[in-house]
Amino acid sequence: MISGLEVGNFSGKRHLHEVLLPINTLALLVSVTGGEPPWVVEESLQELGRLAHTAGMEACGRLIQERGRPDAATYVGRGKLLAIESERERLGAGTVIFDGELTPAQVRNIQDAVDGRIMDRTQLILEIFAGRAHSREGKLQVELAHLTYLLPRLTGHGTELSRLGGGIGTRGPGETKLEADRRELRRRIQALKAELELVRRQRRLRREQRRSAPTPVLAMVGYTNAGKSTLLNALTGAQALAEDKLFATLDPMARGLALPSGQQVLVTDTVGFLRKLPHDLVAAFRATLEEVAEADLLLHVVDASAPELEEHVATVVAVLSQLGASGKPVLMVFNKCDLVDDVTAGALAARWSPSVAISAQTGQGLDDLLRAIDQTLAGTRERVTLHVPYDKAAVLEVLHQQGQVISQRYEAAEVVVEAELSRSWAGRVRRQLGGTGREL
């Protein structure tokens, strides 16, 4: 599970794995439905079960509470807590996992009635991330998200410690320790943010160096377990970890790829998206996910065999919008088509355009994918001929950095440049020239 991630120096150098390891491997799943269709609740619980499996647990039962909205004090209502504890004891489950995010007060109240480890969906996802991050950057990102989640939940420790002493108008030793823990956590969070800001600047410098090449960048995005790592391995010969588990890999990987036209591109893998993805996790992985917003083309990899395919697509589109990448050119890649019939695969490819149906596992359709990438990239670039006045010479540097300069001729009052570059950069250059430059 989780190891080696220290929560600052608070509480006697407490480690995350001391807080997060399950009592045993059996987990009871609990959901509150506020009028959602039954299939939505079912799919969410199935995914929660897969998350539990990825974290080393096995779902042994489930309870669904139908109510307008979660109870503010106990999430499910006090009466339902008795049923949860009875079912947990009957099944022998050591952990109860709630399919939502619990407030600190809800955790305390549930813990008073349920004699087992209490987790919510956010904590479960954070535990998986902590166990699967291997790079220095990945560990920093996960620790930041985890501590941000943990900070408001230190009140539970504080309540327990405050019983050691102190009355009205006094400060007990528990309260003092709680304040010290919170202060130490805040210091660690600020230090992590500073380190990740340095990572962000370093990534920005690397992107600027890549642009000087100029090599188009493809970013693979998609729902978790859609097969992005398997596809990266199949296309580039990379050795990315590929498992049939959610969030099989968190650390981004970039590899070069030659297209049929001879053009060289850089393909980057990204962390898989998920419904109800914790906001703090998205914020912590901002430096990594910026690669998506800066890419020339997004390869949206979709598991063609997933029953909830459309919801997966919608989730990814929503996260891309959150990252400011909703306007990027997208090529839909329907993976795992060896698991569906030809009619289904053809219908998917016909519904979304541009798209291609493949199987990264068997190699089916990979040549079609490479040709589709070539064609899509060609559609995102344009050739321009510009008359650049000498007082706008900075435009020349932009053309060399962001595109491919085909010819350049110096005349008395201007430089005539023919170049090829992405449509977005072509628009920026035109705006930079304003009314002073002429385009043929």
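Let's start at one residue, Ser359. Leaving aside neighbours within four places in sequence, Ser359 is in contact with Asn335, Lys336, Cys337, Asp338 and Gln364. Contact here means heavy atoms within 4.5 Å.

A word on the model. It is predicted, so local features need pLDDT of at least 70, side-chain atom pairs count only at pLDDT 80 or more, and totals for chains, interfaces and linings use all residues. Residues are numbered from 1 along each chain as its sequence is written, and side-chain values use heavy atoms, with hydrogens and water left out.

Back to Ser359. Where is it? In the loop between β10 (355-357) and α15 (366-379). Helices (H or I, at least four residues) and strands (E, at least two) are DSSP runs, numbered from the N terminus. Ser359 is buried, at a relative accessible area of 0%. Buried means under 20% relative accessible area, exposed means over 50%, and partly exposed is in between, using a 1.4 Å probe and protein chains only. The side chain of Ser359 also makes a polar contact with the side chain of Asp338, at 2.9 Å. A polar contact is a pair of N or O atoms within 3.5 Å; within protein, one must be able to donate a hydrogen and the other to accept it, and residues adjacent in sequence count only if both atoms are side-chain atoms.

Now the whole chain. It has 17 helices and 14 strands. Of its 440 residues, 49% are buried. Take contacts between residues at least 6 apart in sequence: 70% of them join residues at least 24 apart.

Next, salt bridges. The definition is a side-chain nitrogen of Lys or Arg within 4 Å of a carboxyl oxygen of Asp or Glu. How many are there by this rule? The count is 23.

One of them pairs Arg121 with Asp99, with the closest N and O atoms 2.6 Å apart. Arg121 lies in helix α6 (residues 121-132) and Asp99 in the loop between β3 (95-98) and α5 (104-113), so the pair ties together parts 22 residues apart in sequence. Both residues, Arg121 and Asp99, are buried.

Glu127 and Arg117 form another, at 3.2 Å from N to O. Glu127 is in helix α6 and Arg117 in strand β4 (residues 117-120), ten residues apart. Glu127 and Arg117 are buried too.

Then Arg188 and Glu195, at 3.9 Å from N to O. Buried or partly exposed? Arg188 is partly exposed, at 22%. Glu195 is partly exposed as well, at 28%.

Last, a network. Salt bridges that share partners join Glu43, Glu47, Asp99, Arg121, Arg275 and Glu311.
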